[in-house]
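Trainee: I am new to this structure, and I would like to go through it with you one question at a time.
Mentor: Then let us look at it together and begin with the strands.

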Amino acid sequence: METKTTSDAVDISDEELKSLTDAIHQRHGIDFSCYEPKSLKRRVIRALHIFQLRAVHELWIKILKDHSFIYPFMDEISVGLTSMFRDPILWKKLSKLLATELAVKERLAIWHAGCSTGEEVYTMGIVLNEVFYARPVEAVASDISNQAMAIAQMGEYNELKIEEYAKNYQQFNASNSLSKYYKVKDGNVQFEARLIRHVRFEHHNLITGPFVRKFDIIFCRNVMIYFDNEAKKKLFNKFYDSLNPGGLFIIGFYDAVLPLIDPNKFKVLDMDAKIFVKI
Ligand SMILES: C[S@@+](CC[C@H](N)C(=O)[O-])C[C@H]1O[C@@H](n2cnc3c(N)ncnc32)[C@H](O)[C@@H]1O
(Lines give C-alpha, C1' and ligand atoms only; values in the text may rest on other atoms or scores of the structure.)
Protein backbone atom coordinates (compact mmCIF):
# COMPACT_ATOMS: atom_id res chain seq x y z
CA MET A 1 0.00 0.00 0.00
CA GLU A 2 1.92 3.05 -1.25
CA THR A 3 0.97 6.69 -1.46
CA LYS A 4 1.57 7.64 -5.11
CA THR A 5 3.60 10.79 -5.52
CA THR A 6 4.10 12.58 -8.80
CA SER A 7 6.03 15.85 -9.14
CA ASP A 8 3.23 17.95 -7.67
CA ALA A 9 0.41 15.57 -6.82
CA VAL A 10 -0.12 13.00 -4.11
CA ASP A 11 -2.81 10.37 -4.30
CA ILE A 12 -4.16 8.34 -1.42
CA SER A 13 -5.76 4.94 -1.81
CA ASP A 14 -9.00 3.98 -0.03
CA GLU A 15 -7.04 1.46 2.07
CA GLU A 16 -4.53 4.09 3.17
CA LEU A 17 -7.30 6.48 4.14
CA LYS A 18 -9.05 3.76 6.10
CA SER A 19 -5.94 2.66 7.98
CA LEU A 20 -5.21 6.28 8.86
CA THR A 21 -8.73 7.04 10.10
CA ASP A 22 -8.90 3.72 12.00
CA ALA A 23 -5.61 4.55 13.75
CA ILE A 24 -6.85 8.04 14.69
CA HIS A 25 -10.15 6.62 15.90
CA GLN A 26 -8.41 4.05 18.10
CA ARG A 27 -5.87 6.44 19.53
CA HIS A 28 -7.89 9.65 19.85
CA GLY A 29 -11.54 8.53 19.63
CA ILE A 30 -12.16 10.82 16.63
CA ASP A 31 -14.62 9.14 14.29
CA PHE A 32 -14.36 10.02 10.60
CA SER A 33 -16.97 7.53 9.43
CA CYS A 34 -19.47 10.34 8.75
CA TYR A 35 -17.07 12.26 6.55
CA GLU A 36 -17.42 12.05 2.80
CA PRO A 37 -14.31 10.03 1.68
CA LYS A 38 -13.47 12.13 -1.40
CA SER A 39 -13.37 15.41 0.48
CA LEU A 40 -11.55 13.78 3.43
CA LYS A 41 -8.89 12.50 1.00
CA ARG A 42 -8.45 15.99 -0.44
CA ARG A 43 -8.00 17.37 3.04
CA VAL A 44 -5.49 14.71 4.09
CA ILE A 45 -3.48 15.43 0.93
CA ARG A 46 -3.57 19.12 1.80
CA ALA A 47 -2.36 18.30 5.32
CA LEU A 48 0.52 16.25 3.89
CA HIS A 49 1.69 19.31 1.95
CA ILE A 50 1.30 21.64 4.89
CA PHE A 51 3.22 19.40 7.30
CA GLN A 52 5.77 18.60 4.56
CA LEU A 53 5.19 14.87 4.73
CA ARG A 54 5.62 12.71 1.65
CA ALA A 55 3.20 9.89 2.33
CA VAL A 56 0.29 8.79 4.50
CA HIS A 57 2.49 6.41 6.50
CA GLU A 58 4.68 9.37 7.57
CA LEU A 59 1.55 11.12 8.79
CA TRP A 60 0.46 7.95 10.53
CA ILE A 61 3.82 7.64 12.35
CA LYS A 62 3.73 11.30 13.38
CA ILE A 63 0.22 10.89 14.79
CA LEU A 64 1.28 7.78 16.73
CA LYS A 65 4.53 9.24 18.07
CA ASP A 66 3.45 12.78 18.87
CA HIS A 67 0.24 12.78 20.90
CA SER A 68 -0.34 16.53 20.58
CA PHE A 69 0.06 16.53 16.76
CA ILE A 70 -3.61 15.56 16.43
CA TYR A 71 -4.64 19.16 17.27
CA PRO A 72 -2.86 20.96 14.41
CA PHE A 73 -3.78 18.01 12.16
CA MET A 74 -7.49 18.33 12.97
CA ASP A 75 -7.30 22.08 12.46
CA GLU A 76 -6.02 21.43 8.94
CA ILE A 77 -8.57 18.72 8.22
CA SER A 78 -11.49 20.89 9.25
CA VAL A 79 -9.98 24.15 7.98
CA GLY A 80 -12.72 26.51 6.96
CA LEU A 81 -12.62 28.81 4.04
CA THR A 82 -14.95 31.62 4.87
CA SER A 83 -15.59 35.24 4.06
CA MET A 84 -17.41 38.26 5.38
CA PHE A 85 -20.77 38.96 3.74
CA ARG A 86 -20.29 35.72 1.78
CA ASP A 87 -23.38 35.40 -0.47
CA PRO A 88 -24.58 39.06 -0.15
CA ILE A 89 -28.10 38.09 -1.30
CA LEU A 90 -28.55 36.12 1.95
CA TRP A 91 -27.61 39.09 4.13
CA LYS A 92 -29.94 41.40 2.18
CA LYS A 93 -32.84 39.01 2.66
CA LEU A 94 -31.99 38.50 6.32
CA SER A 95 -31.86 42.22 7.02
CA LYS A 96 -35.37 42.54 5.53
CA LEU A 97 -36.60 39.73 7.80
CA LEU A 98 -34.94 41.33 10.84
CA ALA A 99 -36.74 44.58 10.08
CA THR A 100 -40.14 42.87 9.65
CA GLU A 101 -41.11 39.38 10.91
CA LEU A 102 -38.17 39.00 13.28
CA ALA A 103 -38.54 42.52 14.71
CA VAL A 104 -41.51 41.44 16.84
CA LYS A 105 -39.72 38.61 18.68
CA GLU A 106 -39.26 39.01 22.42
CA ARG A 107 -35.67 37.87 22.06
CA LEU A 108 -33.70 36.32 19.25
CA ALA A 109 -31.53 33.23 19.70
CA ILE A 110 -29.00 32.48 16.96
CA TRP A 111 -26.60 29.58 16.39
CA HIS A 112 -23.64 29.85 14.03
CA ALA A 113 -22.85 26.13 13.67
CA GLY A 114 -19.37 25.74 12.12
CA CYS A 115 -18.41 29.39 12.56
CA SER A 116 -14.78 28.90 11.50
CA THR A 117 -12.74 32.08 12.02
CA GLY A 118 -15.82 34.17 12.74
CA GLU A 119 -16.44 36.14 9.56
CA GLU A 120 -20.08 35.01 9.49
CA VAL A 121 -20.49 36.03 13.14
CA TYR A 122 -19.12 39.55 12.56
CA THR A 123 -21.27 39.82 9.43
CA MET A 124 -24.39 39.07 11.46
CA GLY A 125 -23.24 41.61 14.08
CA ILE A 126 -22.95 44.28 11.38
CA VAL A 127 -26.35 43.38 9.89
CA LEU A 128 -28.01 43.61 13.32
CA ASN A 129 -26.31 46.97 13.82
CA GLU A 130 -27.43 48.32 10.46
CA VAL A 131 -31.08 47.36 10.83
CA PHE A 132 -31.05 48.87 14.35
CA TYR A 133 -32.36 45.59 15.70
CA ALA A 134 -33.97 46.56 18.98
CA ARG A 135 -34.74 43.19 20.63
CA PRO A 136 -32.29 41.31 22.88
CA VAL A 137 -30.09 38.92 20.90
CA GLU A 138 -28.14 35.94 22.15
CA ALA A 139 -25.92 33.89 19.89
CA VAL A 140 -23.79 30.80 20.13
CA ALA A 141 -20.92 30.34 17.69
CA SER A 142 -19.42 26.87 17.61
CA ASP A 143 -16.83 24.91 15.69
CA ILE A 144 -14.79 21.72 15.96
CA SER A 145 -11.59 23.77 15.49
CA ASN A 146 -10.36 25.62 18.56
CA GLN A 147 -7.73 27.35 16.48
CA ALA A 148 -10.36 28.82 14.15
CA MET A 149 -12.50 29.94 17.09
CA ALA A 150 -9.54 31.65 18.77
CA ILE A 151 -9.22 33.83 15.65
CA ALA A 152 -12.98 34.41 15.68
CA GLN A 153 -12.82 35.67 19.25
CA MET A 154 -9.99 38.08 18.44
CA GLY A 155 -11.72 39.43 15.33
CA GLU A 156 -8.37 40.18 13.78
CA TYR A 157 -7.92 39.41 10.09
CA ASN A 158 -5.13 39.91 7.60
CA GLU A 159 -5.52 43.13 5.66
CA LEU A 160 -5.17 41.18 2.39
CA LYS A 161 -8.51 39.49 3.02
CA ILE A 162 -10.33 42.75 3.53
CA GLU A 163 -10.53 43.68 -0.14
CA GLU A 164 -12.77 40.68 -0.81
CA TYR A 165 -14.81 41.28 2.36
CA ALA A 166 -15.30 44.95 1.43
CA LYS A 167 -16.46 44.00 -2.08
CA ASN A 168 -19.04 41.62 -0.63
CA TYR A 169 -20.15 44.30 1.81
CA GLN A 170 -20.60 46.80 -1.05
CA GLN A 171 -23.08 44.38 -2.65
CA PHE A 172 -24.95 44.29 0.63
CA ASN A 173 -24.84 48.01 1.31
CA ALA A 174 -23.42 50.28 -1.37
CA SER A 175 -24.00 53.44 0.67
CA ASN A 176 -21.58 52.59 3.47
CA SER A 177 -18.08 51.20 3.92
CA LEU A 178 -16.90 48.13 5.81
CA SER A 179 -13.96 50.20 7.13
CA LYS A 180 -16.41 51.83 9.51
CA TYR A 181 -16.22 48.65 11.62
CA TYR A 182 -12.48 48.03 11.94
CA LYS A 183 -9.14 49.63 12.76
CA VAL A 184 -5.95 48.81 10.85
CA LYS A 185 -2.97 47.67 12.89
CA ASP A 186 0.30 46.06 11.73
CA GLY A 187 -0.97 44.56 8.48
CA ASN A 188 -4.11 43.29 10.18
CA VAL A 189 -7.52 44.74 10.76
CA GLN A 190 -9.25 44.56 14.10
CA PHE A 191 -13.05 44.46 14.06
CA GLU A 192 -14.96 46.22 16.84
CA ALA A 193 -15.63 43.86 19.75
CA ARG A 194 -19.11 45.35 20.27
CA LEU A 195 -20.25 43.62 17.06
CA ILE A 196 -20.07 40.24 18.77
CA ARG A 197 -20.85 41.17 22.37
CA HIS A 198 -24.02 39.02 22.15
CA VAL A 199 -22.02 35.92 21.09
CA ARG A 200 -20.72 33.03 23.19
CA PHE A 201 -18.11 30.78 21.54
CA GLU A 202 -18.28 27.06 22.30
CA HIS A 203 -16.31 24.11 21.06
CA HIS A 204 -18.83 21.67 19.51
CA ASN A 205 -18.70 18.69 17.19
CA LEU A 206 -21.86 18.54 15.07
CA ILE A 207 -21.56 14.78 14.65
CA THR A 208 -21.01 13.76 18.26
CA GLY A 209 -21.94 16.79 20.34
CA PRO A 210 -25.20 17.43 22.24
CA PHE A 211 -28.03 19.59 20.84
CA VAL A 212 -29.74 20.99 23.91
CA ARG A 213 -30.89 24.53 23.25
CA LYS A 214 -33.53 26.14 21.05
CA PHE A 215 -32.82 28.82 18.49
CA ASP A 216 -34.73 31.13 16.14
CA ILE A 217 -32.02 31.11 13.49
CA ILE A 218 -29.49 28.36 12.80
CA PHE A 219 -26.71 29.00 10.30
CA CYS A 220 -24.93 25.88 9.11
CA ARG A 221 -23.24 27.02 5.93
CA ASN A 222 -20.55 25.18 4.02
CA VAL A 223 -19.99 22.69 6.83
CA MET A 224 -22.08 19.72 5.75
CA ILE A 225 -20.05 19.34 2.56
CA TYR A 226 -17.73 17.16 4.63
CA PHE A 227 -20.45 14.76 5.78
CA ASP A 228 -22.06 11.80 4.04
CA ASN A 229 -25.80 11.74 3.33
CA GLU A 230 -26.66 9.67 6.38
CA ALA A 231 -24.91 12.15 8.68
CA LYS A 232 -26.56 15.08 6.90
CA LYS A 233 -30.04 13.61 7.38
CA LYS A 234 -29.39 13.01 11.09
CA LEU A 235 -28.10 16.56 11.40
CA PHE A 236 -31.24 18.03 9.77
CA ASN A 237 -33.40 16.21 12.31
CA LYS A 238 -31.27 17.56 15.16
CA PHE A 239 -31.42 21.09 13.75
CA TYR A 240 -35.19 20.71 13.37
CA ASP A 241 -35.48 19.79 17.05
CA SER A 242 -33.20 22.71 17.97
CA LEU A 243 -35.36 25.33 16.23
CA ASN A 244 -38.29 27.18 17.76
CA PRO A 245 -41.53 27.00 15.70
CA GLY A 246 -41.09 29.10 12.57
CA GLY A 247 -37.33 29.16 13.13
CA LEU A 248 -34.99 29.74 10.20
CA PHE A 249 -32.44 27.21 8.96
CA ILE A 250 -29.80 28.74 6.68
CA ILE A 251 -27.41 26.64 4.60
CA GLY A 252 -24.52 27.44 2.27
CA PHE A 253 -24.81 28.07 -1.46
CA TYR A 254 -22.86 24.92 -2.28
CA ASP A 255 -24.58 22.66 0.24
CA ALA A 256 -26.37 20.49 -2.30
CA VAL A 257 -28.71 19.05 0.29
CA LEU A 258 -32.15 19.86 -1.08
CA PRO A 259 -33.18 16.25 -1.83
CA LEU A 260 -32.24 15.31 1.74
CA ILE A 261 -34.34 17.97 3.46
CA ASP A 262 -37.67 16.55 4.67
CA PRO A 263 -40.47 18.71 3.12
CA ASN A 264 -42.69 17.83 6.09
CA LYS A 265 -40.21 19.51 8.42
CA PHE A 266 -38.84 22.47 6.47
CA LYS A 267 -40.33 24.66 3.79
CA VAL A 268 -38.37 26.94 1.50
CA LEU A 269 -38.58 30.60 2.49
CA ASP A 270 -36.09 31.86 -0.08
CA MET A 271 -34.30 29.47 -2.38
CA ASP A 272 -31.83 32.09 -3.67
CA ALA A 273 -30.75 32.98 -0.15
CA LYS A 274 -30.92 29.30 0.95
CA ILE A 275 -33.26 30.03 3.85
CA PHE A 276 -35.66 27.34 5.12
CA VAL A 277 -38.37 27.62 7.78
CA LYS A 278 -39.28 25.01 10.36
CA ILE A 279 -42.87 23.87 9.73
C1 LIG B 1 -15.91 26.17 5.25
S2 LIG B 1 -16.06 26.56 6.95
C3 LIG B 1 -17.57 27.40 6.97
C4 LIG B 1 -17.54 28.68 7.76
C5 LIG B 1 -18.80 29.52 7.68
N6 LIG B 1 -19.95 28.78 8.15
C7 LIG B 1 -19.04 30.04 6.28
O8 LIG B 1 -19.87 29.49 5.56
O9 LIG B 1 -18.39 31.00 5.87
C10 LIG B 1 -16.43 24.98 7.65
C11 LIG B 1 -16.24 24.91 9.15
O12 LIG B 1 -16.86 23.70 9.60
C13 LIG B 1 -16.12 23.21 10.67
N14 LIG B 1 -16.42 21.79 10.90
C15 LIG B 1 -16.05 20.70 10.15
N16 LIG B 1 -16.50 19.57 10.70
C17 LIG B 1 -17.18 19.94 11.83
C18 LIG B 1 -17.87 19.22 12.84
N19 LIG B 1 -17.96 17.88 12.80
N20 LIG B 1 -18.45 19.92 13.85
C21 LIG B 1 -18.37 21.27 13.90
N22 LIG B 1 -17.72 22.01 12.97
C23 LIG B 1 -17.13 21.36 11.95
C24 LIG B 1 -14.68 23.45 10.24
O25 LIG B 1 -13.79 23.44 11.34
C26 LIG B 1 -14.78 24.82 9.57
O27 LIG B 1 -14.45 25.85 10.44
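Trainee: In which sense do strand E10 and strand E12 pair, and over how many bridges?
Mentor: Please keep in mind throughout that this is a predicted model. Strand E10 covers residues 243-251 and strand E12 covers residues 275-278, and within this pair Phe 249 stands opposite Phe 276 in E12. The two strands run in the antiparallel sense, and they are joined over 3 bridges.

Trainee: What is the order of the strands in the open sheet of 7 strands?
Mentor: The pairing in this sheet is mixed, and the twist averages 20° from one strand to the next. Strand E8 (199-203) and strand E11 (266-270) each have a single partner strand, so one side of each is left without a neighbour in the sheet. With those two at the edges, the order reads E8-E4-E3-E9-E10-E12-E11.

Trainee: Which helix packs on this sheet, touching strand E4 and E8?
Mentor: The strand E4 in question spans 137-143, and the helix touches both this strand and E8. The direction of the helix makes about 165° with that of E8. The helix, made of residues 146-154, is H7.

Trainee: Which strands are at the edges of the open sheet of 3 strands?
Mentor: This sheet has the order E5-E7-E6 with antiparallel pairing, and its twist averages 30° from one strand to the next. E5 and strand E7 (residues 188-191) pair over 3 bridges, with Glu 156 opposite Gln 190 in E7. The strands that pair on one side only are E5 (156-158) and E6 (182-185).

Trainee: At about what angle to E5 does helix H8 run?
Mentor: Helix H8 is made of residues 159-172, and it lies across E5, E6 and E7. Its direction relative to E5 is given by an angle of about 95°.

Trainee: How many Å separate the centres of domain 1 and domain 2?
Mentor: The domain assignment gives domain 1 as 4-77 and domain 2 as 88-278. The contact takes 7 residues from domain 1 and 9 residues from domain 2, and on the side of domain 1 that touches domain 2 the residues divide into 3 nonpolar, 1 polar and 3 charged. Taken over C-alpha atoms, the separation of the centres is 29 Å.

Trainee: Is Gln 52 buried or exposed?
Mentor: Gln 52 sits in the loop between helix H2 (37-50) and helix H3 (56-65), and although it is not a glycine, it has a positive phi of about 55°. Most residues other than glycine have a negative phi. Because 12 or fewer neighbours within 10 Å is the cut-off and Gln 52 has 7 C-beta neighbours inside 10 Å, this residue counts as exposed.

Trainee: What is the phi of Asp 186 near?
Mentor: Asp 186 lies in the loop between E6 and E7, and with 8 C-beta neighbours inside 10 Å it counts as exposed. Its phi is positive in a residue other than glycine, with a value near 50°.

Definitions and conventions:
Residues are numbered from 1 along each chain as its sequence is written. This is a predicted model: local features need pLDDT of at least 70, side-chain atom pairs count only at pLDDT 80 or more; totals for chains, interfaces and linings use all residues. Two strands pair if DSSP finds at least two bridges between them. Helices (H or I, at least four residues) and strands (E, at least two) are DSSP runs, numbered from the N terminus. Axes are lines fitted to C-alpha atoms, for helices over the stretch in contact, and angles run from 0 to 180 degrees between N-to-C directions. Two residues are in contact if their C-beta atoms, placed from the backbone, lie within 7 Å. Domain bounds come from an automatic or database domain assignment. Ala, Val, Leu, Ile, Met, Phe, Trp, Tyr, Cys and Pro count as nonpolar, Asp, Glu, Lys and Arg as charged, and the others, Gly among them, as polar. A residue is buried if 20 or more other C-beta atoms lie within 10 Å of its own, exposed if 12 or fewer, and partly exposed in between; C-beta atoms are placed from the backbone.
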